[in-house]
There are 2 protein chains.
Amino acid sequence: MKDFSRLEKKLKTKFKNKDLLTQAFVHRSYLNENPDLKFSHNERLEFLGDAVLELAVTEYLFKKYPEKTEGELTSWRAALVNAKMLSEIAQKIDFNDFLLLSRGESKETGKARQFILANTIEAFIGSLYLDRGLDACEKFIKNNVISELPRVIEERLFRDAKSLFQEKAQEKAGITPSYKVLKEWGPDHQKHFVIGVFLKTELVAEGDGSSKQEAEEDAASKALESKGW
Amino acid sequence: MKDFSRLEKKLKTKFKNKDLLTQAFVHRSYLNENPDLKFSHNERLEFLGDAVLELAVTEYLFKKYPEKTEGELTSWRAALVNAKMLSEIAQKIDFNDFLLLSRGESKETGKARQFILANTIEAFIGSLYLDRGLDACEKFIKNNVISELPRVIEERLFRDAKSLFQEKAQEKAGITPSYKVLKEWGPDHQKHFVIGVFLKTELVAEGDGSSKQEAEEDAASKALESKGW
């Protein structure tokens, strides 16, 4: 069994219930090889931690960026919590050293390991939530996940809704979306645009914003939601 | 402007910041007709409230049902927070009387109104979260959303993963999934099964459980996630 006190020291986080910490790292494959283990695997903790992570990131973005639309914040959040990003974060904090995997699974690297690392960091957040509450999770998430936001923005790691909607529309309907201003009002320094996004003549969604670009992005975001793409 | 104190009385919830309560009900169409409104629309609040709702429901299910797998809890959660269910809940608590919509939008009923009601209840939760915190939201969600769980379970309003995966597999790949026991162990009173779900010869995912049915459901749930269906 691994020495999790090393991880606690590294993360400067002490667990009251050490079993919760250990269980976060139990992959289902480990149970297959260790059927008498007193722990179950970490998937329920992952279920919980995923929702904690979602709220912590959502609240941070909501409060930090009062001018950004829901569509933009959704793009940023997706870039922060996708499997690739979470697995990179998990590796940075040495989660690879603490995973409890079967021998066979230990040999797999690449995408399978990426999913395991991402799921484990969510399970860890689930355990931390149960052991220490939301505040402790917000602190961990701020220091390890939100900390990636500047890089996400600078390197444009987020998929903006317009490019994503165009890709999906071409893939699923063979049509390139078009945008049209439906309404605009206000003085030059405080304009307001309502823009519709169309697939040929079908108005898929409307978006708004204080610039045409913002309104188009908002419309695309609504369109993705409306189409379920 | 509507009298929101009536709603506060009905929900037995007093807002410190009345503007937050009002803003939760501002649909984007209302802004189109009222461009000088001091409020923006409710979509950012919906973004926040959606994440609060997710955590509250997730945590409740996680703690109340320690024996249920992540896949089962995911199905139940989906049935509680989908647009149809949320709109029914919103109607029960008279949200229709408080929506701020354009004249044109007010005439729309049916699916469009369903989405508006569902989004508004999420925006309301976002406002409640900012105004009164997580505890107040958990109370509201317990009394109005979780309260639907017995009906969800009894009337099987949840889509179990097996039937959903079969539907998707037939739709997207023209194949009916098959299940095979990969591993089993343990005495009769404490069996453990590992089952693989296959599309022809492709092993899509593995699930586990204390019965074959549970393990198949778990495998199907993992398969849906793995395929992105």
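Trainee: Where is A:Lys16?

Mentor: A:Lys16 sits in the loop between α1 (4-11) and α2 (18-23) of chain A. Helices (H or I, at least four residues) and strands (E, at least two) are DSSP runs, numbered from the N terminus. This is a predicted model, in which local features need pLDDT of at least 70, side-chain atom pairs count only at pLDDT 80 or more, and totals for chains, interfaces and linings use all residues. Residues are numbered from 1 along each chain as its sequence is written, chains are lettered from A and ligands numbered from 1 in the order in which they are written, and side-chain values use heavy atoms, with hydrogens and water left out.

Trainee: Is A:Lys16 buried or exposed?

Mentor: A:Lys16 is exposed, because its relative accessible area is 67%. Buried means under 20% relative accessible area, exposed over 50%, and partly exposed in between (1.4 Å probe, protein chains only).

Trainee: And which residues form the positive surface patch?

Mentor: A:Lys12, A:Lys16, A:Arg132 and A:Lys139 form it. Patches are made of residues with over 30% relative accessible area and no salt bridge; like charges are joined within 9 Å, nonpolar side chains (Val, Leu, Ile, Met, Phe, Trp, Tyr) within 5 Å. Lys and Arg count as positive and Asp and Glu as negative, while His and the chain ends are not counted. The place of a charge is taken as NZ of Lys, CZ of Arg, CG of Asp or CD of Glu. Accessible areas come from the Shrake-Rupley method with a 1.4 Å probe, and for residues only the protein chains shown count as cover.

Trainee: Which residue does A:Arg28 meet in a salt bridge?

Mentor: A:Glu43, at 2.6 Å, N to O. A:Arg28 is in helix α3 (residues 28-33) and A:Glu43 in helix α4 (residues 43-64) of chain A, 15 residues apart. A:Arg28 and A:Glu43 are buried. A:Arg28 and A:Glu43 also belong to a network of salt bridges that includes B:Glu70 and B:Lys222.

Trainee: What about A:Arg103?

Mentor: A:Arg103 forms a salt bridge with A:Glu33, the closest N and O atoms being 3.9 Å apart. A:Arg103 lies in helix α7 (residues 103-107) and A:Glu33 in helix α3 of chain A, so the pair ties together parts 70 residues apart in sequence. A:Arg103 counts as exposed because its relative accessibility is 61%.

Trainee: How many helices and strands does chain A have?

Mentor: Chain A has 12 helices and 3 strands. Buried residues make up 54% of its 229 residues.

Technical notes:
A salt bridge is a side-chain nitrogen of Lys or Arg within 4 Å of a carboxyl oxygen of Asp or Glu.
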